[in-house]
Amino acid sequence: MEIAGLDFARRKEDLVVTGKSGTGKSHILQAIALRGCQAQMSVRYARCVDLLDDLYAGLADGTYQRRLKRWAAADLLIVDDVGLGQVKKRDDEPTAAHTLFNLIDRRHGKTSTAFSSNIKLSAWGKYLGDATLAVAILDRVNMRAIRLDIDGPSYRQQVARDRAKERGAKLPDDSAEPEAGREQ
Ligand SMILES: Nc1ncnc2c1ncn2[C@@H]1O[C@H](COP(=O)(O)OP(=O)(O)OP(=O)(O)O)[C@@H](O)[C@H]1O
Ligand SMILES: [Mg+2]
């Protein structure tokens with residue numbers, strides 16, 4: 001309820017939601033984005049890979065600074081699914097960590113950013129391509145962040161089980177949830 005009230009965003013604090021796949025992280029962040037719009041905040045939402053792709057496209061056509069400014073300006077920025085999808089870059093492009101750091105450093109303390117991730121925060125360095133900059137990002141974010149770690153079953157697995165039950169069928173064993181990804 002505290003998060004849904006968006007007081008954290010008004011206080012310019014951040015939010016980090018971690019948990020295994022299917023536990024409802026994106027669902028929660030999308031609901032928060034909707035709440036933000038209803039509260040007349042400027043809200044931007046993107047999956048991490050799409051946000052990075054947008055900024056990389058700016059490097060190609062000379063609009064990088066303008067795009068960075070727009071991502072930096074939102075009262076509430078949702079960066080969903082950090083850890084999902086490839087953030088590979090060309091050799092002449094900065095790392096994902098560098099690009100994300102530029103953005104988070106601009107936003108830190110002035111606006112609010114919410115992240116979801118299904119990989120451990122300690123794995124962000126490997127995922128984003130630069131351990132030092134990933135630590136610098138998380139250092140800023142964790143300074144004033146609400147942490148929400150969801151421990152529970154996957155909603156997708158639950159839906160699959162319910163559908164199988166409706167048909168009177170049983171799920172095969174290989175549909176079991178993998179053990180991975182949660183922050184310890
Ligand atoms: N509280 C909820 N009530 C009902 N359905 C939910 C709830 N939370 C999530 N779901 C549904 O479960 C599915 C998985 O949720 P979601 O995409 O938010 O998971 P996720 O944690 O972001 O997974 P991933 O790490 O794979 O991105 C979606 O179809 C979503 O609509
Ligand atoms: Mg998600």
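**Ground rules.** Two strands count as paired if DSSP finds at least two bridges between them. Strands (E, at least two residues) and helices (H or I, at least four) are DSSP runs, numbered from the N terminus. The model is predicted, so I note its limits: local features need pLDDT of at least 70, side-chain atom pairs count only at pLDDT 80 or more, and totals for chains, interfaces and linings use all residues. Residues are numbered from 1 along each chain as its sequence is written, while chains are lettered from A and ligands numbered from 1 in the order in which they are written.

**Sheet.** I began with E2 and E3, which pair in the parallel sense over five bridges. Within that pair, Ala 46 stands opposite Val 79 in E3. Then I asked in what order the five strands form the open sheet. The order is E2-E3-E4-E1-E5, and the pairing is parallel. The edges are E2 (43-47) and E5, each of which pairs on one side only. From one strand to the next the twist averages 10 degrees. For angles, axes are lines fitted to C-alpha atoms (for helices over the stretch in contact), and the angles run from 0 to 180 degrees between N-to-C directions.

**Strand E1.** I looked at both partners of E1. E1 and E5 (residues 145-150) pair in the parallel sense over six bridges. The bridge partner of Asp 14 in E5 is Ala 145. With E4 (residues 112-117), E1 pairs in the parallel sense over four bridges. There Val 16 stands opposite Phe 115.

Next I checked burial. A residue is buried if 20 or more other C-beta atoms lie within 10 Å of its own, exposed if 12 or fewer, and partly exposed in between, with C-beta atoms placed from the backbone. E1 (residues 14-19) is mostly covered, with six of its six residues buried. In a regular strand the side chains alternate between the two faces of the sheet. In E1, Asp 14, Val 16 and Thr 18 point one way, and Leu 15, Val 17 and Gly 19 the other.

**Helix H5.** I checked the length of H5 (residues 96-107). Its twelve residues should span 16 Å at 1.5 Å a residue, and the end C-alpha atoms are 17 Å apart, which agrees. The expected span is 1.5 Å times one less than the number of residues. Which residues of H5 are buried? They are Ala 96, Ala 97, Thr 99, Leu 100, Phe 101, Leu 103, Ile 104 and Arg 107. Their cover includes H3 (48-61), H4 (64-73), E3 (76-82), E4, H6 (124-128) and H7 (131-143). For cover I used contacts: two residues are in contact if their C-beta atoms, placed from the backbone, lie within 7 Å. Gly 109 follows H5 and has a positive phi, near 85 degrees.

**Ligand 1.** I listed the shell, where a residue is near a molecule if its C-beta atom, placed from the backbone, lies within 6 Å of it. Of the 14 residues around ligand 1, Ser 21, Gly 24, Ser 26, His 27 and Tyr 155 come nearest. H2 (25-38) and H8 (155-166) each supply at least two residues of the shell. The largest share, three residues, comes from H2. The shell divides into two nonpolar, nine polar and three charged residues. Ala, Val, Leu, Ile, Met, Phe, Trp, Tyr, Cys and Pro count as nonpolar, Asp, Glu, Lys and Arg as charged, and the others, Gly among them, as polar.

**Positive phi.** Most residues other than glycine have a negative phi. I noted Gln 40, with a positive phi of about 65 degrees. Gln 40 lies in the loop between H2 and E2. Gln 40 counts as exposed because it has 8 C-beta neighbours inside 10 Å. Asp 81 also has a positive phi, near 60 degrees. Asp 81 is found in E3. It counts as buried because it has 20 C-beta neighbours inside 10 Å.

**Two more residues.** I went back to Ala 46, in E2. Ala 46 counts as partly exposed, with 16 C-beta neighbours inside 10 Å. Leaving aside neighbours within four places in sequence, Ala 46 is in contact with Leu 51, Val 79 and Asp 80. Tyr 56 is partly exposed, with 18 other C-beta atoms within 10 Å. Not counting residues up to four places away in sequence, Tyr 56 touches Lys 89 and Glu 93.
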